[in-house]
Amino acid sequence: MAKYTKADIVKRAKELAQMISETEEVDYFKRAEAQINENQKIKEMVASVKSLQKQAVNFQHYGKQEALKKTEEKLDNLLKELDEIPIVQEFKNSQQSVNDLLQLVSSAISNKVTDEIIVATGGDVLRGETGSYVKNSHGGSCN
């Protein structure tokens, strides 16, 4: 069986990252993000959101509950308005697609490593038990 170094794995991870960066999901994300960055109305709304968030933190810090409540209401309304803009919806959807792809890759790697460990130790993949666990546990076996 081949032995790999951390450097080998990092090199392959970078290759995988390059592959992911060239997917349709990432391409769509980049286009949506560019449209958002080019939209003056959205840029102004995002600046307002950031400003209101800072105000809310300050009001909370100084215990100004009424001012905090009003600021949070303004913030909620502005975020709802922002979310109703079609390109923002597309951007969020594309962001979710990229995150789903990354999660899929992460899960596939994790599951494969776990299965390989179980197989290499003579364990039972269906039960998710390593060989040492199977050898040292008594009862509960269908054998």
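On helix 3, the exposed residues (over 50% relative accessible area, with buried meaning under 20%, partly exposed in between, for a 1.4 Å probe and protein chains only) on the face turned away from the buried side are Lys-50, Lys-54, Val-57 and His-61. The model is predicted, with local features needing pLDDT of at least 70 and side-chain atom pairs counted only at pLDDT 80 or more, whereas totals for chains, interfaces and linings use all residues. Residues are numbered from 1 along each chain as its sequence is written, and side-chain values use heavy atoms, with hydrogens and water left out. Helices are DSSP runs of H or I with at least four residues, numbered from the N terminus.

**Helix 3**

- Helix 3 has 22 residues and reaches 32 Å from its first C-alpha to its last, close to the 32 Å expected at 1.5 Å a residue, where the expected span is 1.5 Å times one less than the number of residues.
- Its buried residues are Ile-42, Met-45, Val-49, Leu-52 and Ala-56; they cover an arc of only 80° around the axis, which puts them on the same side of helix 3, the arc being that of the directions from the helix axis to the C-beta atoms.
- The buried residues of helix 3 pack against helix 2, helix 4 and helix 5, with contact taken as heavy atoms within 4.5 Å.

**Helix 4**

- Helix 4 has 19 residues and spans 26 Å between its first and last C-alpha atoms, close to the 27 Å expected at 1.5 Å a residue.
- Leu-68, Thr-71, Leu-75, Leu-78 and Leu-82 are buried in helix 4, and because these residues fall within an arc of 95° when seen down the axis, they line one face of the helix.
- Gln-65, Glu-66, Asn-77 and Lys-80 are exposed on the other side of helix 4, while its buried residues pack against helix 3 and helix 5.

**Helix 2**

- In helix 2, Val-26, Ala-32 and Ile-36 are buried; they cover an arc of only 125° around the axis, which puts them on the same side of helix 2.
- The exposed residues Glu-24 and Glu-38 are carried by the face of helix 2 turned away from its buried side, whereas the buried residues pack against helix 1 (6-21), helix 3 (40-61) and helix 5 (86-120).

**Largest pocket**

- About 330 Å³ of space lies in the largest pocket, a pocket being an open set of points on a 1 Å grid over the protein atoms alone, where a 1.4 Å probe fits, with protein on both sides within 12 Å along at least five of seven lines.
- Its lining residues, which have an atom within 4 Å of a point, are Tyr-4, Asp-8, Ile-9, Arg-12, Ala-13, Leu-16, Ile-109, Lys-112 and Val-113.
- Helix 1 and helix 5 are the elements that give two or more residues to this lining, and helix 1 provides the largest share, 5 residues.

Note on methods
Points joined across faces, edges and corners; volume = space filled by probe spheres on them.
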